[in-house]
Structures are given as C-alpha cells and as structure tokens.
Amino acid sequence: MGKYDASSDDLIQNAWNAPSELAWPLLAAVLVFCCIATRIISGFQSRVDSTTEQTQSVKTVPYWFPWLGHSLSFIRNHVGFTEKARDYMNTPVFGIYMGGTKHNIIVSPSIIKSIIQSKATSSTPLVSRALKAFGDDLGSLRDLDTTNYQAFHHRLPNLLMREPFITEASETTTRLLKREVPNFVTFCRSVVDQTPWERGSDVEVVDNGRDKLACEANLFDLVRGFIGNITTTTLMGEAIMEAFPGLLDDLWTLDNRFPLLTIGVPRWAPIPGVSAAYAARDRILNSLAAYHQAFLQWDDGVDPGVKFRDLEDVSEPLKQRVRTSKNLGLSPRSSAPGHLSLLWAMNVNSSNIAFWYLVHLYSDLTLLEEIRKEISPYVKAHRPSREETGFPFEEPPRISLNLEGLLSSCTLLKACFYETLRLDSADMSFRKLTSDLTVTESNEDATSSDLEKPHIYNISKGESIILHHGVLQNDSRHFSNPNQFDPLRFIITDPETGGKKASMHTINPFGGGMFGCKGRTFAERQLLAFTAAMIIMWDVKPMDDSRLTVPRHKQSSGAYLPENDIRVRIVARV
C-alpha cells in the first residue's frame, strides 16, 4: 500500500500543476483511479485466507474511498450497512475501515457476551475522543492522570447505579410524575400559560362539542420534552430548567448531528444543521458552566444570585461530580463537557424510547386494555368532586402511583418495555483492546448461522471493536418475526417460583459490563412509571379517530427518531 499511496500523491500533485483547463478533469480522473484501485486492493485483501487450524483473523469489508473507507455509509445508516456487510462477508465478526482506522464489528450474541465480560477492553480512548469532538473538551478532562480519570469517568457515574441514588431518584421521579402527568396537556390556549413541553409541541385546544376538552399536539415533541424535563429535574434539580428554558431544545439540536460532531466535522462544513449544532453546544456549555459556578457558591454558603434558587434538590451524584471537579482544580468551563456528556446520555435515548413505548401501546387497543387491567392495582387516576374538596370549582386530576408494585407484579408492562428497546433502539458499544484477544463463537450461534463449526477469531491489541446490539436485536436467526411487536417473547417461566416474569435475556440495549449505560436502572424505573401513569390518565388517538399508526424509523445516535412526528388528539380519561 505504501507505493500505491505515493503514486496517488504524485498524481494529485501533477493534477494541480497542470494547465487550469485540464486541472479539474485530471483531478477527477485521479480520484476515480484512486477509488477503483482502493476497491480492487481492499477486495483482494478481504479474500486473503489467513485461517489456521485453530483460529482466523478478522477480514475487512471491501471499500472504495481511501481513508474514509465505510464512514459515509456507516453514518448514514449504520444498521442497514452493518446488516448488508454481515450478509456479504457471511461471518459474525468482520472489519470496516473508517477515518484511517479498522473497526471490528461483532454481531454474534455469544461473542458479544464474551467481550462484555472481558477485562482486555477499555473505553478510555473512545471517551476521550467523544469529549474532544462532541463535548469541546480542551483537554482538562481527557488529560487527567489515571487515578483521577477513573474516578471522574467511571466511579462517579457508577453512583447512578447504586443506592441511595436509585431509591432517591425513584422517589423524586414518582413525585414529579404524580404532579406533572395530569399536566401533560393543560388545555391552556395561551403559550404563556402552557408548560415547557407544550410550547414546542404545537398544542392546540379543541372544543369538539363533547363533555371533555381535547388537545391536538405533535406527540413525539410533547413526549420528548416531558421526559427531558422530568429526567433533568431529577438529576440536576428544578433551578436549571427555570434558569435555562431552552436547554433541552439545544440538546435535541445537538443530538441531531451527534455522529458528525463526534467524527470531527468542522463548524464551517457546508452540511445542513452542523453550524446550528455547534451553536447549540456552545449555549449548553455556557449554561452548564454557569450552573456549576452557582452550585459551588451555594455549596460554600454564598448566595448564587437571583438566577438560581435553592439547589438542595440536585441529586447526590451531581453534587459529588461538581465537588470532585473543584478538588481536581477544574474550572466551571472545563467541567462543562463532562456535565454535557451526562446530560446527553441521561436524556436522549430515554425520551425517544418513551415515545415508541406509548405509540406501541396506543396502537394496539387490546394490548392497551390488558396492561391497564394489569397495572390498575398500582396506578390510579381520579378527579376530586366539588363535594370532596368543598370548592365551587373542579379540581385538577390526581394520580396515585406505587412504583414497587409496578416493578414486581406487572410482567406484561415490563415485557412491552423490553420489546420496545429491541425494536426501536439500535445502540452500539465501543471498545478498544488493551491486549490480544481470542474469542470463540458458541455452538448455538454457529448452528443458527448454518456453519459447520464455531469460528475462533484473533483480534490484536489496540484494535477497535463495535458491538452492534441493534443489528442483533433485529436478526431473524435469533428472533422470529423480528419486525413484529411481540412482548410475549420476553416473558419466561421463573425457574425458582414457577411463575411468569419478564427478562431481556439475549438483548443488551444498554450495553454491558463495566462500560454499560450507568443510568439503565433509573431509566427503566422512570419509563415504566411514566407509561403506566400516562395510559391510566390519558386517551391518545389519531386526528381521524382511527387506529394509531407506528411511524417509520429515522436513524439516530441510539434509540430511533420517528421519520415524521404524528399529530394526535389527547383527552383525559377522568
């Protein structure tokens, strides 16, 4: 390849030195030649057999573009591209080439499990790259020594998975849901009087001549804004949303161009949405720096000013994060990229999944009624009468919510959540090997792929690995009728009690091991509680009163976005 690269450089240099009328055609010819040569050489290399009696190396999918490799195809649709590459290579482990680096993609359940459990992997280089490209970290968080790096990027996030955070966050979320689910739509006609999540959802009050008012709204925008407010308030307290009401809108704008910023596409690139994403990131970082500074003042007993009120309701992991940053000598602006990564991780996927979860239930009226019956002992909505309150006006609805009852007794509700994760998320886990690794496919996986015997792969130290959970979750070899929403596939018999329970078993939508999503326990509790409260409190129907249609997927960084938002009519059930 060295001679090939040198000849390519000479050809390009000659193209620039040619007369102006020949330069562009000659340059185009050189680029075409380079692409064809790259495809021929990479295609030849992909067929070179380096298999020994025991193991085989990972072969790379052929590609056309030097350095870029498969980058464009992967960014545009990483699920579709990976599925086609898997079928073309006919192997559960294969390499792709992006940005001058080979990445090994894994789509075998047994090998994914093996790598998740392996101690020979690290996420540090990938975290550092994301902090730099996506979070605009200038080096303060990436250049911490090993001990402090582990403390900030691993031990602090691990607090989100442990007590007392789980119990405290569950109590806070339950309190907020009981207060705010009745205000999911407020029937206020003035934008000034609407809730923050209503203002971006084009809510319109409709008097349809019936006993109850109805609201028309864009459901995805409404759900995403609602869940974002609940999650951010639980994690960071109520003051930040009051001080920066546009924070979540900027977060959604940034997430829309997440892949491009992560690979380092510059601000000036002529790509729609890139410059807006950079501007949104700047505003978020400035807001988080101001929030960080205000907390430090409050923590020291100093009045943080009128923009922030009492910050006591900030969660303990966030308090520890800010205090650790101070002890490490980090400024508020230097700490902001770390806060951004947490804000993004806790909000983006959960808000998308909440939308899909609701749509699947409201689109299947039989399933909806079964779940309403299942959760009825634990979630109730009622509207106090004038006789009960003694007031001459009607009181707002109230919700009672028993979260522990939902978690322990509502098998179908949980199974629907797991099926939503399987069908509507396409997460990936990124690793880098810290030592050579040999992985073996299980006999079961080999049989499902019609292979004579399991494959054994050698992957070298320093190579990157992508565990593509999204492709595996929609593989017909592991899930029958993978495009069908079927929660019963996640209901199994408990071997200890003999009863039924919901289990994710073969899917890993949150990743796994020490590098898995730290907020997965909180996210599951929050979304189960939210969905249960919603379907008890509200009826959601299409504008024409037909059955709700599940929209098509649009590629995102994790859980899918809807290709188009859906306009719905929302009516209170009480």
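Helix α6 (residues 124–133) supplies the largest share of the side of domain 1 that touches domain 2, 7 residues. Helices (H or I, at least four residues) and strands (E, at least two) are DSSP runs, numbered from the N terminus.

What you see is a predicted model: local features need pLDDT of at least 70, side-chain atom pairs count only at pLDDT 80 or more, and totals for chains, interfaces and linings use all residues. Residues are numbered from 1 along each chain as its sequence is written, and side-chain values use heavy atoms, with hydrogens and water left out.

Now the domains. Domain 1 is 55–136 + 429–467 and domain 2 is 137–428 + 468–572; the bounds come from an automatic or database domain assignment. Their centres, taken over C-alpha atoms, are 30 Å apart. To the contact (heavy atoms within 4.5 Å), domain 1 gives 36 residues and domain 2 gives 42 residues.

How much area do domain 1 and domain 2 bury between them? About 3400 Å², 60% of it on carbon and sulfur atoms. That is the accessible area (1.4 Å probe) that two parts lose on being put together, summed over both. On the domain 1 side, L131, F134 and D136 lose the most area to domain 2, together 23% of what that side buries.

Next, salt bridges: a side-chain nitrogen of Lys or Arg within 4 Å of a carboxyl oxygen of Asp or Glu. The structure has 25 of them, and 3 run between domain 1 and domain 2. R333 and D136 form a salt bridge at 3.0 Å, N to O.

D300 pairs with K326, the closest N and O atoms being 3.4 Å apart. This pair links distant parts of the chain, 26 residues apart: D300 is in the loop between α14 (274–299) and α15 (316–327), and K326 is in helix α15.

K319 and E312 also meet in a salt bridge, 3.3 Å from N to O. Is K319 buried or exposed? K319 counts as buried because its relative accessibility is 7%, whereas E312 is partly exposed at 46%. The cut-offs are under 20% relative accessible area for buried, over 50% for exposed and partly exposed in between (1.4 Å probe, protein chains only).
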